[in-house]
Amino acid sequence: MILDEYVIISEVEDKLDKLPDSLKADLQKVADDNKVLLMSYIAPEMIRKSPASYGYASIKIRDLYKIEEEIEKLKASKQLPKKLHLIIQTPGGELYTTIKIAKYLQSIFGDQIEAYVPYEAASGGTILCLAAKTITMDNASNLTPIDPQLSYKDETVSANSYEQALDDFKKEYGKISPVEIPPPYQQMGRVFDPIIAKEMDKIARDTLSSSFKLLLKSQIPNPKDPAARRKLFLAAWGLANSDWLHSHVITADEAKDEIGLNIDRSVAKLKLLSLYKKWVSARLKEQTDNHIIECICPK
């Protein structure tokens, strides 16, 4: 679809307000000058669906379908560039789908993905960032840990927290007989389920492994370099197994200095981030509980 010479593809294009002409022109110039596909992945603010319920966008499998559909359209028309700028504003969502989207984008663009985080790329949004060669953040941007969250006894808990609680219990009481354990803690011990513990361990390990593989493909030309592999594994480990809360705000400095991610805060990239913030701001008030996926490609 060509609109005022801009190639703009939208998930809900018939319902979205038009972007301001000046913003469209600026975004198109970036796409043209850099021969890059600009893709937004924007979760609008929470919307009221009824007097008693609210909705918000989270990462779901339909997002992958839409992303694939639009990329295939561009491939068919021979308009798909080799580079991608992925603008991520999301609270996260399904782990399974997030990893599929990240792997799909890498299969198309390889190590030519740049992630831009205007404000928040939380949980699954952080995993999407791991598919990128560089992540651009400023003082208002944040990532979060990627420890998987699971439903357990009508609560949402971290798989890592369950494992950590079990490990702590083993350290404290693992070498004594059950009758020697103080009564309150005997009851606690009966709560731990070995099957649940194994499932928690498996999903935590799978998340770590998938994140590590995303980093291997996006970050280093020689994935067999032991030093480089160790650095990336420690980055994935820091995100997936830290003692931070799942909602912990990871700033650009923490992401770079404590986690070891490739954070790009160069003047040129921060200038682009400032422009992409305007794109996000223009979409935050949209009345939809889907991510807004728009693409702007070079003319």
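This report describes the overall build of one predicted protein model and then a helix and several residues within it.

## Basis of the model

The structure is a predicted model, in which local features need pLDDT of at least 70, side-chain atom pairs count only at pLDDT 80 or more, and totals for chains, interfaces and linings use all residues. Residues are numbered from 1 along each chain as its sequence is written, and side-chain values use heavy atoms, with hydrogens and water left out.

## Overall build

The protein chain contains 10 helices and 13 strands; helices (H or I, at least four residues) and strands (E, at least two) are DSSP runs, numbered from the N terminus. The radius of gyration of the protein chain, taken over C-alpha atoms, is 21 Å, close to the 19 Å that the globule rule gives for 299 residues, so the chain is as compact as a globular protein of that length. The globule rule is 2.2 Å times the number of residues to the power 0.38. Along the principal axes, the C-alpha atoms fill a box of roughly 80 × 55 × 35 Å.

Of the 299 residues, 49% count as buried, where buried means under 20% relative accessible area, exposed over 50%, and partly exposed in between (1.4 Å probe, protein chains only). A contact means heavy atoms within 4.5 Å. Among contacts between residues at least 6 apart in sequence, 75% join residues at least 24 apart.

## Surface and charge

The protein chain exposes about 15,600 Å², and carbon and sulfur atoms supply 53% of this area. Accessible areas come from the Shrake-Rupley method with a 1.4 Å probe; for residues, only the protein chains shown count as cover.

The chain has 41 positive and 43 negative side chains, and the centres of the two sets lie 5 Å apart. Lys and Arg count as positive and Asp and Glu as negative, while His and the chain ends are not counted. The place of a charge is taken as NZ of Lys, CZ of Arg, CG of Asp or CD of Glu.

## Helix H10 and Lys269

Helix H10 covers residues 267-283, and its 17 residues should span 24 Å at 1.5 Å a residue; the end C-alpha atoms are 25 Å apart, which agrees. The expected span is 1.5 Å times one less than the number of residues. The buried residues of H10 include Leu272, Leu275, Tyr276, Trp279 and Arg283. Their cover includes helix H1 (21-34) and strands E3 (36-42) and E6 (83-89).

Lys269 has its place in H10 and is buried, with a relative accessible area of 16%. Beyond residues up to four places away in sequence, Lys269 touches Glu114, Tyr116, Thr134, Thr136 and Asp264. Lys269 and Glu114 are 155 residues apart along the chain, and their C-alpha atoms are separated by 9.8 Å.

## Residues in loops

Most residues other than glycine have a negative phi. Lys35, in the loop between H1 and E3, has a positive phi near 50° and is exposed, with a relative accessible area of 59%. Lys78, in the loop between helix H2 (61-76) and E6, has a positive phi of about 55° and is exposed at 77%.

Pro44 is found in the loop between E3 and strand E4 (47-50) and counts as buried at 6% relative accessibility. Residues touched by Pro44 include Ala57, Arg283, Leu284 and Ile292. The C-alpha atoms of Pro44 and Leu284 are separated by 4.1 Å, although the two residues are 240 residues apart along the chain.
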